[in-house]
Amino acid sequence: MARTGRRRGSLLRYASSRHDPELLAAARHFGRRRFFTVTAAVAALAFTTNLPARGATGSAELDAARIATDPFTLGIASGDPLPGSVLLWTRLAPAPYEPDGGLPQQYVVVEWEVAGDELFSLIVRSGTAVAHPEYHHSVHVDVDGLEPGRVYYYRFRTGAWISETGRTRTAPATTTAAATLSYAAVACQAYHDGYFTVHRHLAQDDVDVVLHLGDYLYEYAVNSAGGSRGSTDRQVPDFFNREAVTLEDYRLRYALYKSDPDLRAVHAAHPFVVTWDDHETQNNYAGAVGADNDPPEMLLLRRAAAYRAHWENQPLRDAQLPNGPDMRLYRRLQWGTLAQFDVLDTRQYRSDQAYGDTKHIPGPESDDPARTITGAAQESWLIDGWRASGALWNVMPQQVCFSQRRLDLNPEARMSMDAWDGYRASRRRILDGAKSAGVENLVVMTGDVHVGYAFDIKDDFDDPASRTLGTELVATSVASGRDGAEKPPTWDTYLRANPHLKFYNGLRGYVKVTLDRQTARADFRTVSAVTTPGAPITTTASFLTEAGNPGLEPV
């Protein structure tokens with residue numbers, strides 16, 4: 001069904017970029033060929049996005065001693081901890097708000113160090129990496145040979161410049177019966193909606209790892225005052241006051257976000273496991289279907305740009321390096337025998353939203369069993385991974401509401417067609433797969449909706465007495481939606497319409513989860529405001545669920 005009520009786009013939106021002549025030529029080419037196929041578009045991307053392989057241009061080396069100002073303006077990060085390795089990231093950008101980051105099209109040699117102590121008196125691993133101009137001078141170092149289950153410190157150096165020090169950790173050995181794990185989940189950090197105060201507090205919290213569940217950035221325009229931040233101490237350059245569409249746009253948008261001191265602080269403090277939702281590319285896109293009613297090949301071009309910028313700016317391994325408009329982001333991490341993380345991507349492979357992506361009563365279109373939110377390959381990968389899992393807790397970080405969410409009190413209620421309610425056959429296959437695999441302690445982690453929820457996952461959501469199969473914890477936004485409210489206007493309706501919904505709060509914050517061999521504890525942490533900086537943080541609510549006996553109980 002065609003998407004209704006959405007803005008109509010044009011190939012001219014892509015042609016309007018001064019900085020992407022390759023995309024301009026591609027847009028003109030696609031415009032002349034009305035029946036250009038998606039397959040042909042994918043093949044053409046190699047020629048239209050001008051993204052050679054790392055080092056393929058044969059660029060000369062830049063003498064790092066010639067870098068006159070701090071190149072570590074975007075901070076450092078670590079991610080995806082494994083028992084013997086962790087991924088370290090930085091990007092050199094002495095002038096972060098310039099398209100080239102303030103560096104010429106030459107490669108830069110960067111030194112890195114990993115130590116067992118914060119003073120770097122015991123350096124355990126070190127080496128050099130190359131920051132290639134083709135990858136916007138980003139650096140991804142997969143450091144191996146580390147001890148499982150311990151804290152490390154790291155830093156980068158180039159020329160006369162040394163980065164700040166980061167703190168990271170490795171996962172326990174896969175056969176270790178780890179006693180505890182603490183992680184935080186965050187999502188939805190629209191720069192223009194407020195300060196990243198939540199990240200400042202999270203940087204000071206004691207967690208082993210942070211899950212970022214998507215909407216790390218927003219493609220929307222940001223005005224000179226930074227939107228709701230109303231900045232008076234700085235002026236956001238005018239080129240941010242337009243929607244991000246091209247590779248240059250997305251790269252600059254990451255620079256704006258990553259230059260935020262609170263986001264830099266939380267990345268330096270904890271390793272991240274990142275996945276995306278829609279706004280890293282375009283609001284509510286579905287597979288190759290965009291929100292502009294443009295041909296699929298145009299959305300694929302935009303995906304190629306957005307995905308490339310995402311990899312360049314996140315602590316991700318080479319296994320996640322995109323190939324044109326395709327990027328294998330779903331992956332699996334272990335925390336000894338205590339927890340298995342199955343990180344999903346519910347954007348890249350999904351069927352188009354039913355009923356024009358409106359709030360709608362489920363019906364034949366949305367319940368078509370051929371529809372999928374994960375794609376067949378990812379669905380099989382997930383269920384096969386559960387069958388092979390020896391973990392006590394199976395944690396599924398993903399993007400949109402998994403549990404049923406009735407939006408009104410009518411006997412046949414409207415639901416979100418963008419969430420799993422719009423893909424009920426897909427959800428049924430996942431839940432049946434969990435049951436057949438013997439998953440007893442399922443914890444689904446969700447972002448997207450800018451509120452905090454806690455759900456019991458029911459075998460039959462329409463029967464409150466049916467078996468509880470797991471727990472869903474929804475992290476509210478970091479900043480998106482501005483300050484929010486403790487009780488949004490829908491608070492009473494949603495709690496009455498959804499007996500399996502145990503908690504609903506509309507303030508900004510994060511959810512902290514502590515797992516041990518007996519229980520999972522969820523603490524919902526919130527701040528009173530993000531449109532002004534410095535708000536304190538409090539624990540709004542806490543819940544426990546017992547291993548082997550799913551179901552949320554307030555603490």
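S426 is buried, with a relative accessible area of 0%, where buried means under 20% relative accessible area, exposed means over 50% and partly exposed lies in between (1.4 Å probe, protein chains only). The structure is a predicted model, in which local features need pLDDT of at least 70, side-chain atom pairs count only at pLDDT 80 or more, and totals for chains, interfaces and linings use all residues. Residues are numbered from 1 along each chain as its sequence is written, and side-chain values use heavy atoms, with hydrogens and water left out.

S426 sits in helix α9, which covers residues 424–436; helices (H or I, at least four residues) and strands (E, at least two) are DSSP runs, numbered from the N terminus. Leaving aside residues up to four places away in sequence, S426 touches R371, T372, I373, T374, E379 and W420, a contact being heavy atoms within 4.5 Å.

R169, in turn, belongs to strand β8, residues 166–169, and counts as buried at 14% relative accessibility. Its side chain is joined to that of D208 by a polar contact of 3.3 Å, a term that stands for a pair of N or O atoms within 3.5 Å; within protein, one must be able to donate a hydrogen and the other to accept it, and residues adjacent in sequence count only if both atoms are side-chain atoms. Among the residues that R169 touches, beyond those up to four places away in sequence, are P81, V86, R150 and W335.

The two residues can be set side by side.

| Residue | Relative accessible area |
|---|---|
| S426 | 0% |
| R169 | 14% |

Helix α5, residues 247–258, has twelve residues and reaches 17 Å from its first C-alpha to its last, close to the 16 Å expected at 1.5 Å a residue, where the expected span is 1.5 Å times one less than the number of residues. Twelve of the twelve residues of α5 are buried, so this helix is largely enclosed by the rest of the structure.

The chain averages a pLDDT of 92, and 90% of the residues score at least 70; pLDDT is the predictor's confidence in each residue, from 0 to 100. Over residues 1–19, however, the pLDDT is below 50, although this stretch has 50 contacts in the model beyond near neighbours in sequence. Where pLDDT is low, the predicted coordinates should not be read in detail.
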